[in-house]
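Morning, everyone. I'll walk you through one structure today. Please have a look at it first.

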Amino acid sequence: MPYAHITGWGMAVPQKVLTNDDLSKFVDTNDKWIREMTGIHERHIAGEGETSATLGTDAAYEAIKMAGILPTELDLIICSTSSPEHIFPATACLIQDKLGASNAGAFDLSAACSGFIYAINMGAQAIKSGSVKTVLIIGTETLSRFVDWKDRSTCILFGDGAGAFVLQASDKPGGIMGCVMHSDGSGGEFLSVPAGGSAHPASEITLHTGQHFIHMNGKEVFRFATRVMAQATIEATTKSGWKEEELALIIPHQANLRIIEAAARGLKMPMDKFMVNLDRYGNTSTASIPIATVEAVASGRLKAGDKVVFVGFGAGLTWGALAAEWSGPVPSDHFIKPEWFRPWARLRSILRRILRILDGIFFGRGA
Ligand code: ACO
């Protein structure tokens with residue numbers, strides 16, 4: 001059975017930064033409250049033309065460049081997102097087109113902030129089964145588009161961004177190890193976007209009552225998160241045959257510093273074992289774990305051979321943890337750089353559209 005290694009990683013965030021002081025100019029809040037209650041100082045917010053697909057594509061190009069592969073080598077693209085471009089088509093397919101990943105299947109996965117963990121596990125299992133060799137995992141969010149900017153209990157929390165991993169098959173032991181995935185739909189109402197789906201299709205009423213925005217019971221989510229983070233970390237570590245003391249780093253979902261501190265207390269581990277960067281990005285939902293990973297590697301806190309656990313929780317309710325032996329980049333002998341594919345992918349997409357029109361004209365459209 002092949003192993004699934006993380007051989008590429010990348011991130012992308014919008015340029016625009018919104019500080020706590022900026023927020024306090026249009027909503028009744030202040031920097032002191034936000035810092036003390038959440039640990040967040042600022043977040044990045046998508047501007048015009050920036051969407052979950054564009055951010056996801058930018059992060060994906062970084063990851064495939066790091067892995068030293070070409071977009072055409074991808075067999076599968078899994079995009080975890082709670083802020084997809086549309087109900088359908090899948091954001092994964094839009095990214096597939098922007099990458100020119102002409103040999104890849106693509107689908108979205110919806111498990112909120114736990115989604116990146118679920119998606120890595122799905123990709124790794126597809127590799128381990130022998131069904132595919134190279135998988136791109138993307139976590140991308142523009143939750144700023146679903147936030148009620150008048151609701152101070154939610155709008156201070158979220159930021160936009162994307163992260164991506166490339167997983168590759170290898171005979172070398174290591175890479176993705178134990179994973180646990182949990183859910184409890186009985187807590188679904190604690191964190192939701194009530195309208196816009198089939199239960200409450202968009203209407204004048206849903207719009208006027210703000211049902212298309214994120215609704216959250218912060219206290220319940222907080223209680224749930226502090227309960228499950230340490231437990232899931234222990235489960236994934238044990239499933240990998242490791243002990244908690246062997247872990248070089250834990251990369252938790254970046255929702256609230258107080259939740260991460262509670263997980264550290266639960267695990268009886270010092271805070272320096274935890275990667276924290278939510279002060280600069282806020283809660284980027286499913287993108288928070290890959291963004292924190294990219295920064296952990298860049299700052300030298302995560303090195304080849306290290307044992308790491310990713311742990312997250314989110315709407316659903318969902319939670320999970322995944323253990324991995326960090327692989328590091330593999331040397332590549334490719335001359336063509338993956339980012340050179342960007343204009344080719346655009347041209348390819350235009351040509352395919354033209355061909356479809358010509359096909360319709362010359363070979364008929366009717367049944
Ligand atoms: N600025 C100033 N005051 C505020 C703000 C604000 N932004 N928001 C609330 N307050 C006030 C409240 O009105 C309240 O005042 P009162 O005591 O006079 O009534 C007081 O601060 C306490 O408010 P609570 O909402 O009770 O504060 P709480 O301790 O629950 O903290 C928080 C709120 C930070 C949101 C916390 O509940 C939390 O972090 N929950 C977890 C949320 C989370 O992680 N969500 C993402 C999940 S991941 C996903 O799936 C997307």
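Let's begin at Lys 268. Lys 268 sits in the loop between helix H9 (257-267) and helix H10 (278-281). A word on labels: helices (H or I, at least four residues) and strands (E, at least two) are DSSP runs, numbered from the N terminus. Residues are numbered from 1 along each chain as its sequence is written. And this is a predicted model, so local features need pLDDT of at least 70, side-chain atom pairs count only at pLDDT 80 or more, and totals for chains, interfaces and linings use all residues.

Back to Lys 268. Its phi is near 55 degrees, a positive value in a residue other than glycine. Is Lys 268 buried or exposed? Lys 268 is exposed, because it has 8 other C-beta atoms within 10 Å. The cut-offs: 20 or more other C-beta atoms within 10 Å of a residue's own means buried, 12 or fewer means exposed, and in between is partly exposed, with C-beta atoms placed from the backbone.

Now Ser 285. Ser 285 also isn't a glycine, and has a positive phi of about 55 degrees. Ser 285 lies in the loop between H10 and helix H11 (288-298). Ser 285 is buried, because 32 other C-beta atoms lie within 10 Å.

The axes of H9 and helix H8 (residues 218-239) come within 8 Å and cross at roughly 40 degrees. So H8 is oblique to H9. For reference, angles under 35 degrees count as roughly parallel, over 145 as roughly antiparallel, 65 to 115 as roughly perpendicular, and the rest as oblique. Axes are lines fitted to C-alpha atoms, for helices over the stretch in contact, with angles from 0 to 180 degrees between N-to-C directions.

Who makes the contact? From H8, Phe 222, Ala 225, Thr 226, Met 229, Ala 230 and Thr 233; from H9, Ile 259, Ala 262, Ala 263, Gly 266 and Leu 267. Contact here means C-beta atoms, placed from the backbone, within 7 Å.

On to the strands. Strand E13 (318-325) is mostly covered: eight of its eight residues are buried. In a regular strand the side chains alternate between the two faces of the sheet. Both faces of E13 are covered. One side has Thr 318, Gly 320, Leu 322 and Ala 324, and the other has Trp 319, Ala 321, Ala 323 and Glu 325.

What pairs with E13? Strand E8 (residues 175-183) runs antiparallel to E13, joined by seven bridges. Two strands pair if DSSP finds at least two bridges between them. Cys 179 has Leu 322 of E13 as its bridge partner. E12 and E13 also pair in the antiparallel sense, over eight bridges. There, Val 311 partners Ala 321 of E13.

The hairpin of E12 and E13 has three residues between the strands. Gly 316 takes a positive phi near 140 degrees there. A cis peptide bond joins Gly 316 and Leu 317, with omega about -5 degrees. Another cis peptide bond joins Phe 88 and Pro 89, with omega about 10 degrees. Pro 89 lies in the loop between strand E4 (76-80) and helix H4 (91-99).

Last stop: Leu 23, in helix H1 (residues 20-23). Leu 23 is buried, because 21 other C-beta atoms lie within 10 Å. Leu 23 and Ile 156 are 133 residues apart along the chain, yet their C-alpha atoms are separated by 7.4 Å.

Notes
Contact = placed C-beta atoms within 7 Å.
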